[in-house]
Amino acid sequence: MGKATALISATLVGASILLIISVDRHSVIPTSASVPITSDPETSTPVPPETSAPLRMQASSEPSTTPSADPAPQPSPQVAEQVRTAVRRTVPSATVGVEVYDRAAGTALTSLDADQPFPSMSVVKLFIALDVLHQNGWALPSASTQQQISQMLSASDDDIASALWSSDGEGAIIERDAQLLSLTGTKPPTDAGEWGDTPTTPQDLVTTYRYIEDQLPAADRDLLYQAMYNASRTAADGFDQYFGIPNGLPGSTWAIKQGWGSSGSDAEMNTTGLVDADARYVVVVLASAPLSAYSILPAALTDGTAELRGLLSNP
């Protein structure tokens, strides 16, 4: 897990108190590792999170979803090309899709092949979690189900994902999500039992994160955000999840859902999430390459994601 530091200065003037808080929970040192391939309605009160998320999540029972109004970075289409070039320095044959969206400005800052489908791998767990909440009428499910959702997202737990995938209708989950979110490139997998092969696009994932932040009831939004904010370095299957956004944007505040694995003869590596304490930026970088590149693709994706640092004015 990342480290958190907080400096709190309080000055009492009359009846006013000024709090200055600096949070750097996700400050990480870039690393790379070679990892072997592994297999991939009742209501209740929210389950307390393992670690508190940024201040926006703690302000009230109805936290603001409006990102900060800091000066907006200028859209820069060439940055996405730089991301792909950086990935291909290590894996020349990689296919890369990119989209970065600024929620404060209401615009995509950079995009490359954002409508092209990639196997979602464990990113599909975000769709599974959304469907659980949707089928419960957006009321928080039982405490045990909340814990399942949190574990599935933060530790990318395959066993929980498989159980929910089977019990909730397999490909029907994706059909319901696609209809709910008006997704155009996200379809059920050809083999209903292979949830990781669910195709999705950078564009659809940006739409999904925007829906989570801007449309979900606060309790549902907080449940998902907290789980992704508390993503552990080591996943349930032993994989290092801190490729891409965590290692590529050191010092930033993030809430991530990563994906990794193989589909047919290809290796797949996906880094997706919300960046900035106000979840201002949606960052999606998806990559596919020959299976022989599996062990080096995480580091390549980190190099590519690092190219976004200059674009994000307030990471």
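Reader: Is R233 buried, exposed or partly exposed, and how do you know that?

Author: This is a predicted model, and in it R233 has a relative accessible area of 25%. Buried means under 20% and exposed means over 50%, so R233, at 25%, counts as partly exposed.

Reader: What makes R233 and D240 a salt bridge?

Author: The closest N and O atoms of R233 and D240 are 3.2 Å apart. The rule asks for a side-chain nitrogen of Lys or Arg within 4 Å of a carboxyl oxygen of Asp or Glu, so at 3.2 Å the pair of R233 and D240 counts as a salt bridge. Salt bridges that share partners also join E81, R84 and D113 into one network, and by this rule the count comes to 10 salt bridges.

Reader: Why are E307 and R89 called a salt bridge, and which parts of the chain does the pair tie together?

Author: Their closest N and O atoms are 3.9 Å apart, and since the rule is within 4 Å, the pair of E307 and R89 qualifies as a salt bridge. E307 lies in the segment after helix 9 (297-306) and R89 in helix 1 (residues 77-90), so the pair ties together parts that are 218 residues apart in sequence. Of the two partners, E307 has 30% relative accessibility and so counts as partly exposed, whereas R89, with 59%, is over the 50% limit and therefore counts as exposed.

Reader: How do you know that R103 is buried, and what does its side chain meet?

Author: R103 has 9% relative accessibility, which is under 20%, so R103 counts as buried. The side chains of R103 and D214 meet in a salt bridge, at 2.5 Å from N to O. This pair links distant parts of the chain, with R103 in the loop between strand 3 (95-102) and strand 4 (107-112) and D214 in helix 6, 111 residues apart. D214 has a relative accessible area of 37%, which lies between the two limits, and therefore D214 is partly exposed.

Reader: Which residues have the most contacts inside the largest nonpolar core, and which elements supply that core?

Author: The largest nonpolar core has 43 residues, and I149 and L224 are those with the most contacts inside it. Helix 2 (124-135), helix 3 (143-154) and helix 7 (218-229) are among the elements that each supply at least two residues of this core, and helix 2 gives the most, with eight residues. Not counting residues up to four places away in sequence, I149 touches A129, V132, L133, P141, L223 and L224. A second, separate core of 37 residues includes L249, I256, Y281 and A287.

How values were computed: Residues are numbered from 1 along each chain as its sequence is written. This is a predicted model: local features need pLDDT of at least 70, side-chain atom pairs count only at pLDDT 80 or more; totals for chains, interfaces and linings use all residues. Side-chain values use heavy atoms; hydrogens and water are left out. A nonpolar core is a set of buried Ala, Val, Leu, Ile, Met, Phe, Trp, Tyr and Cys residues joined through side-chain atoms within 4.5 Å. Buried means under 20% relative accessible area, exposed over 50%, partly exposed in between (1.4 Å probe, protein chains only). Helices (H or I, at least four residues) and strands (E, at least two) are DSSP runs, numbered from the N terminus. Contact means heavy atoms within 4.5 Å.
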